[in-house]
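Subject: Structure handover

Hello,

Here is the structure I promised to pass on. Please open it first, then read the notes below.

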Amino acid sequence: DGPGDYTNYASCSWVIAPKDAMSITLSFRSFSTESDADFVRVYFCNSPQCDPSSNWLLWEFSGSSLPEGDVIFTTGILITFTSDGSNTNPGFVADYVAAIRSPIRV
């Protein structure tokens, strides 16, 4: 959410579900959280609203190892970040690219 370290007891979420997306590629550019205490979780959305109670947890990341490679999804995703009350770190930077269906008109 900006420069500097994240705060204690942070709780953030981002839904990435572009309309008419054929695929979404998620890439982590930097990663530094308190190991085994502060977590980034990536969920597969099985509905357009990405309701957290009905999503599937795909990955859970914590620590200072950059998640390797790009992750490709075919529908929406939900990314959450939570921190505990002890240490803080810079957090993470991720970006995504969505391939959008484009109708062919003749």
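A definition to begin with: Lys and Arg count as positive and Asp and Glu as negative, while His and the chain ends are not counted. The place of a charge is taken as NZ of Lys, CZ of Arg, CG of Asp or CD of Glu. On that basis the protein has 5 positive and 12 negative side chains. The centres of the two sets lie 20 Å apart.

Two notes on where the values come from. This is a predicted model, in which local features need pLDDT of at least 70, side-chain atom pairs count only at pLDDT 80 or more, and totals for chains, interfaces and linings use all residues. Residues are numbered from 1 along each chain as its sequence is written, and side-chain values use heavy atoms, leaving out hydrogens and water.

Overall picture

The protein has seven strands and zero helices. Both are DSSP runs numbered from the N terminus: helices are H or I with at least four residues, strands are E with at least two. The pattern along the sequence is β-β-β-β-β-β-β. The C-alpha trace spans about 60 × 30 × 20 Å along its principal axes.

Of the 106 residues, 35% count as buried. Buried means under 20% relative accessible area, exposed means over 50%, and partly exposed lies in between (1.4 Å probe, protein chains only). The accessible surface comes to about 6,700 Å². Carbon and sulfur atoms hold 52% of that surface. These areas come from the Shrake-Rupley method with a 1.4 Å probe; for residues, only the protein chains shown count as cover.

Contact means heavy atoms within 4.5 Å. Take the contacts between residues at least 6 apart in sequence: 82% of them join residues at least 24 apart.

Strands pair if DSSP finds at least two bridges between them. Axes are lines fitted to C-alpha atoms, for helices over the stretch in contact, and angles run from 0 to 180 degrees between N-to-C directions.

Strand β2 covers residues 21-32 and is joined to β5 by three bridges. Thr25 stands opposite Ile72 in β5. Ten bridges join β2 to β7.

The four-stranded sheet

A second open sheet is ordered β1-β6-β3-β4, also antiparallel. At the edges stand β1 and β4 (56-61), each with a single partner strand, so one side of each has no neighbour in the sheet. The twist averages 20 degrees from one strand to the next. Five bridges join β3 (residues 39-44) to β4. Phe44 faces Trp56 across that pairing.

Thr80 sits in β6 (residues 77-82). Thr80 counts as buried because its relative accessible area is 15%. Leaving out residues up to four places away in sequence, Thr80 touches Cys12, Ser13, Trp14, Phe39, Val40, Arg41 and Tyr43.

Gly2 belongs to the segment before β1 (11-16). Gly2 counts as partly exposed because its relative accessibility is 45%. The C-alpha atoms of Gly2 and Pro90 are separated by 9.4 Å. Along the chain these two residues are 88 apart.

Best wishes
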